[in-house]
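Student: Walk me through this one, please, and keep it plain.

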Amino acid sequence: MSGAAVSAAGAPEARPAAHSWREAPIQYGTALLTLVLVAAPLLPVLYQSVVDRPLYDAGKELTLANFARLASTEGFGLVLWNTFVFSALTTVIAQVLGTLAAVLFGRTDMPAARVLGELFLWPIYLSALVLSFGWYTVYGPSGYLTMLWNSVFEAPFWDLYTLPGMAAIAGVSLAPVAYIYCMSSATITDPSLEEAARVSGAGTFRTLWRITLPLLMPAIAYSAVLNFTVALELLAIPLVFGEPAGITVLTTFLYTQGVAGVRPDHGLAATAAALMLAVVCFLVWLQGRLLGNTRRFVTLGGKATRPRPFRLGRLRWPLFILCALYIAATVVAPIGVLVIRAFTSFLSPMVPLLEVLSLENFTRLFEEPIYARAVWNSFIVSAVGGALATALIAMIAVIVHRSEFRFREPLHYVALFPRAVPGVVAGVGFFYAIALMPGLGEIRNTIWILVIAFTMRYIPTGFGAVAPMLMQVSPDLDRAARVQGADWWTTCRRIILPLMRPALVACYTILFISFFKEYTTAIFLFAPGSEVIGTALLHLWIQGEAGLVAALAAIQVGVIAVCVAAARAVFGVRLHG
């Protein structure tokens, strides 16, 4: 009988799912590439920490002497204490600000809450390096508002060159993380609990304190661990404000021992990096435990509706003014004054702005080949690297969630592991990997080593943008294609990946911005010819070129602002969650 096979009941028999020769090479190749990317910076760091000389020297011997030297290094105990205090203060500030913002902007009838919430998020889009320069331009010893304050009063009450001062800057920059987590939780709270409190006679603030805030505890706890982890990894703020005051934390210790010293001590740097990696791995594990133990706080049922906003009454406008002043002081002023500084030859409250407006900073910037090349390199790394990373992440996602690959669970774990790899550790690790593996010498002084390192760092970020949408695509589409004889790769290429296009656009946009603002990994890897904006900013800062720093930072701010606006207006993509 010709044509399709017929079953005993007369219905066409379903063809078995097709398996082609392409399936195994694609899946194993993607898994191997991901494993190499993640392991490449980690194994050399661990190896360097247990040998007695740099990796590029012959005659290395295994030893634990580096750990003993690190423990006995003069002042290292103070470095650890500074690191803990800075991270703890940063976390407290970030959690308080982020939680209050989530409640006020997400759960009350405050005027312009949506606009204030969007402005509150802006520090998350910019690199900590640019934010540090912005705060210095406004609140530093010769900052615009500092000089204005000094002209009216005595010495200002703020001092950024202290651990609390550094933590204030870092806390403001990380508060959007707590805001995002708490906002998501606050907007889906079961309204029946709050309504019951109101019926029982509880007022607005009593209901917030006794009902709403306790229900936010999982989000607060999870984001607190995340913010503490990020604070441990921060380099720019301690480098700009801590080092001049003699305050050293673990990241600046790594920087000075790893690349900035006259004779870098690779043994100490690798051992400190291994210590930081172990601490961050523990914190990432703790995040997972916290996220897995939050079911007792779940209140949203199938019939729940959006909670009714709390009425602030007479406090509505005073709280709006207070929030607007906060946004102006911590977001608008640092970013705005930094951009204005880029268009002036000198910025002072004693001199009218119109008299000092100039494009001289940009002219000087692009007259120097190194800085023009840094801008161009940043675009290439972000555009090309973001595309390559998006393609890799898309492959990882479809293998993990839409295949029968036997190692898909280990691949999922490996893909998410870079969450536990701080940027400074990744930079140090790739630096050692180049020294250890002769085959990498060809890309040592090119931007492609930056593309590789940035891709490794941001695999979890991109995966988080792609996986949720992929899991919403019905598996019935895969089964229908396979029944019709399509193999796994054809099903992914023709059906799954096209349906993922919005998520892939979001992934690419997020990676472009992340690559464009990345600096911590790059400072350990760049060489003449492979500079990017972050490394050029540090170089100019060390030289004391405030105007050129502002001009280069303004370029980064402008590009990221355009990307964020385009992602929202054209593609409808939200980049923060």
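Tutor: One term to begin with: a residue is buried under 20% relative accessible area, exposed over 50%, and partly exposed in between, using a 1.4 Å probe and protein chains only. Also, this is a predicted model, where local features need pLDDT of at least 70, side-chain atom pairs count only at pLDDT 80 or more, and totals for chains, interfaces and linings use all residues. Residues are numbered from 1 along each chain as its sequence is written, and side-chain values use heavy atoms, with hydrogens and water left out.

Student: OK. What is the mean pLDDT of the chain?

Tutor: The mean is 83, and 85% of the residues reach 70 or more. pLDDT is the predictor's confidence in each residue, on a scale from 0 to 100.

Student: Over which residues does pLDDT stay under 50?

Tutor: Residues 1–18 are one such stretch, with 19 contacts in the model beyond four places in sequence. Residues 293–304 also stay under 50, with 12 contacts of that kind. Contact here means heavy atoms within 4.5 Å. Where pLDDT is low, the predicted coordinates should not be read in detail.

Student: Noted. How many helices and strands does the chain have?

Tutor: There are 25 helices and 0 strands. Both are DSSP runs numbered from the N terminus: helices are H or I with at least four residues, strands are E with at least two.

Student: And how much of the chain counts as buried?

Tutor: 51% of the 577 residues do. As for contacts between residues at least 6 apart in sequence, 77% of them join residues at least 24 apart.

Student: Which residues of the largest nonpolar core touch the most other members?

Tutor: Phe105, Met110, Tyr179, Val398, Leu537 and Leu552, out of 163 residues in that core. Helix H17 supplies the largest share of the core, 14 residues. A nonpolar core is a set of buried Ala, Val, Leu, Ile, Met, Phe, Trp, Tyr and Cys residues joined through side-chain atoms within 4.5 Å.

Student: Take Met110. What is it in contact with?

Tutor: Setting aside neighbours within four places in sequence, Met110 touches Leu104, Phe105, Leu116, Leu312, Arg316, Leu319, Phe320 and Cys323. Pro318 is 208 residues from Met110 in sequence, yet their C-alpha atoms are 9.7 Å apart in space. Pro318 lies in helix H14 (residues 316–342) and counts as partly exposed because its relative accessibility is 45%.

Student: What about the phi of Ala112?

Tutor: Ala112 has a positive phi of about 55° although it is not a glycine. Most residues other than glycine have a negative phi. Ala112 is in the loop between helix H3 (76–107) and helix H4 (113–120), and its 40% relative accessibility is why it counts as partly exposed.

Student: Switching topic: how do H23 and H25 pack?

Tutor: H23 (residues 501–517) and H25 (residues 546–569) pack at an angle of about 170°, with their axes 10 Å apart. That makes H23 roughly antiparallel to H25. The contact uses Thr509, Phe512, Ile513, Phe516 and Lys517 of H23 and Gln556, Val559, Ile560, Cys563, Val564 and Ala567 of H25. By class that is 8 nonpolar, 2 polar and 1 charged residues.

Student: Give me the rules behind those words.

Tutor: Axes are lines fitted to C-alpha atoms, for helices over the stretch in contact, and angles run from 0 to 180 degrees between N-to-C directions. Under 35 degrees is roughly parallel, over 145 roughly antiparallel, 65 to 115 roughly perpendicular, and the rest oblique. Ala, Val, Leu, Ile, Met, Phe, Trp, Tyr, Cys and Pro count as nonpolar, Asp, Glu, Lys and Arg as charged, and the others, Gly among them, as polar.

Student: Which residues in H24 are buried?

Tutor: In H24 (residues 533–543) those are Ile533, Gly534, Thr535, Ala536, Leu537, Leu538 and Leu540. They pack against helices H5 (128–139), H11 (236–242), H16 (360–367), H17 (369–401), H23 and H25. Just after H24, Gly544 takes a positive phi of about 80°.

Student: One more: where is Thr521 found?

Tutor: In the loop between H23 and H24. Thr521 counts as buried because its relative accessibility is 0%. Beyond four places in sequence, Thr521 touches Gly423, Ala426, Gly427, Ala453, Phe454 and Arg457.
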